[in-house]
Amino acid sequence: MSEKEFLSQLKEHQNIIYKLVHLYANSEEDKKDLYQEIVLQAWKTYSAFRGEAKFSTWLYRLCLNTIFTFQRKTNRIEYTDTLKYEQQYSSTSTSDEAERLYKAIRTLPETERAVISLHLDGYDNKEVSELIGITSNLVGVKLHRIKQHLATLLKDI
Amino acid sequence: MNIKNIWDQPSGSDTELNKLFEQKDFRNLQSKLPLEKLKKNLFMSLLLAILITAVYLPLFYFIHIWQVQVALCIGILFNIFVGVDTWKLYKNINVNVSTTNSLKDELQKNYSSFQKWWRIQERLGLFVYPIAATGGFILGGVEGSGKSVEAFLYNPKMLLVLLVTLLVLVPLCYFGAKWMFNFAYGKHLKKLKATIDELND
């Protein structure tokens with residue numbers, strides 16, 4: 001893949017990076033650091049992309065592996081009902097419903113955020129299990145638990 | 001509305017992140033991954049081990065006190081041993097994030113690299129520093145008192161001082177190394193371990 005193709009693919013799939021960074025960053029500074037690290041890692045490894053998997057799957061794996069091995073700042077933001085998502089991500093333009101959804105997902109343990117985001121992006125249990133490194137059964141169990149949790153938080157959506 | 005539909009909505013734009021992307025100077029970015037820091041530390045340790053060994057070698061020829069020469073020999077051997085281990089670990093660490101490993105494998109790769117680094121530090125703390133200190137103590141004592149090693153160590157007080165020095169230095173070096181390691185990577189390691197456990201839960 002040429003540099004030009006890579007940049008165009010990356011731009012086309014930037015939504016994946018945005019979504020994941022928003023789910024894991026604990027501050028504005030953290031968000032920029034994570035974004036830069038992901039882009040840098042993509043830049044360093046794109047030559048190894050052989051097209052065996054879809055670019056989006058390749059990028060998803062890279063994003064998750066980078067986010068979880070990155071030393072994020074620990075000034076964790078507790079998402080309570082009184083805290084508006086916009087206060088943390090003022091530079092992001094998303095709908096109210098999407099903001100509520102992100103807020104709800106952020107209440108989940110970090111690995112479960114990865115499971116639900118992959119699931120919502122259309123990956124089946126087997127694909128999620130391969131990306132995360134756990135069994136398909138465990139993915140199913142986790143998804144069931146996550147859905148119950150989100151349903152309680154997002155009753156009126 | 002269905003959660004899936006909400007998730008699929010275009011997430012809009014993020015002006016700050018867009019700006020970062022438009023800069024496009026990816027080549028100038030510096031990675032902040034802890035593994036990258038670890039690799040730099042390993043390289044520095046390797047240089048230090050070579051430097052210390054380079055200092056020990058001429059000392060071995062110039063100092064004709066066999067007890068100090070034994071300490072130097074042990075020090076040099078341990079330095080070589082630790083240096084080889086450090087080099088192996090340095091070579092095996094791939095700082096680029098894997099695009100083939102699963103998340104769990106990648107976390108385990110990171111965790112085990114840090115553990116290996118700690119084991120090297122542990123050996124340094126337990127063996128190399130105290131032996132170097134003992135050699136230094138004997139050399140300093142002999143040079144300072146103008147006596148032979150036998151005469152210097154014949155004094156029971158000196159033997160006691162040496163024993164106390166070792167009793168203090170060994171745990172001090174060990175816990176000092178442990179403290180520094182925890183200070184640099186402790187939180188990150190705990191987080192990695194917790195995430196691996198969370199995945200298995």
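This is a predicted model: local features need pLDDT of at least 70, side-chain atom pairs count only at pLDDT 80 or more; totals for chains, interfaces and linings use all residues.
Taken as a whole, chain A has a mean pLDDT of 84, and chain B averages 85. For the complex, the predictor gives an ipTM of 0.83 and a pTM of 0.82.

- In chain A, 85% of the residues reach a pLDDT of 70 or more.
- In chain B, 92% of the residues score at least 70.
- The stretch to watch in chain A is residues 76-91, where pLDDT stays under 50. For that stretch the model has 14 contacts beyond four places in sequence.

**Chain A at a glance**

- Chain A is built with nine helices and zero strands, so its pattern along the sequence reads α-α-α-α-α-α-α-α-α, going by how helices and strands are assigned from DSSP runs.
- Of the 157 residues in chain A, 38% count as buried.
- Take the contacts in chain A with a separation of 6 or more: 67% of them link residues 24 or more positions apart.
- Helix 2 of chain A is mostly covered, with eight of its 11 residues buried.

**Where the chains meet**

- The contact draws on 47 residues from chain A and 38 residues from chain B.
- On the chain A side, the elements giving two or more residues are helix 2 (14-24), helix 3 (28-45), helix 4 (55-69), helix 6 (96-105), helix 7 (110-120) and helix 8 (125-132) of chain A.
- Which element gives the largest share of the side of chain A that touches chain B? That is helix 3 of chain A, with 11 residues.
- By class, the side of chain A that touches chain B has 22 nonpolar, 16 polar and nine charged residues.

**Two residues of chain B to look at**

- Trp7(B) sits in helix 1 (residues 3-8) of chain B. Why does Trp7(B) count as buried? Because 20 other C-beta atoms lie within 10 Å of Trp7(B), and the cut-off for buried is 20 or more.
- Beyond its neighbours within four places in sequence, Trp7(B) is in contact with Leu101(A) and Leu120(A).
- Thr165(B) belongs to helix 7 (residues 156-200) of chain B. Thr165(B) counts as partly exposed because it has 16 C-beta neighbours inside 10 Å.
- Not counting residues up to four places away in sequence, Thr165(B) touches Ala133(B) and Phe137(B).
- Thr165(B) and Val128(B) are 37 residues apart along the chain, and their C-alpha atoms are separated by 15 Å.

**A helix pair in chain B**

- Helix 4 (residues 66-92) and helix 5 (residues 103-145) of chain B pack at an angle of about 160 degrees, with their axes 9 Å apart. That angle is why helix 4 of chain B is roughly antiparallel to helix 5 of chain B, since the label applies to angles over 145 degrees.
- The crossing of helix 4 of chain B with helix 5 of chain B is left-handed.
- The residues in the contact between helix 4 of chain B and helix 5 of chain B divide into 16 nonpolar, six polar and three charged.

Conventions
Residues are numbered from 1 along each chain as its sequence is written. Chains are lettered from A and ligands numbered from 1 in the order in which they are written. Two residues are in contact if their C-beta atoms, placed from the backbone, lie within 7 Å. Helices (H or I, at least four residues) and strands (E, at least two) are DSSP runs, numbered from the N terminus. Ala, Val, Leu, Ile, Met, Phe, Trp, Tyr, Cys and Pro count as nonpolar, Asp, Glu, Lys and Arg as charged, and the others, Gly among them, as polar. A residue is buried if 20 or more other C-beta atoms lie within 10 Å of its own, exposed if 12 or fewer, and partly exposed in between; C-beta atoms are placed from the backbone. Axes are lines fitted to C-alpha atoms, for helices over the stretch in contact, and angles run from 0 to 180 degrees between N-to-C directions. Angles under 35 degrees count as roughly parallel, over 145 as roughly antiparallel, 65 to 115 as roughly perpendicular and the rest as oblique. A crossing is left-handed if the near helix is turned anticlockwise from the far one by less than a right angle, and right-handed if clockwise. pLDDT is the predictor's confidence in each residue, from 0 to 100.
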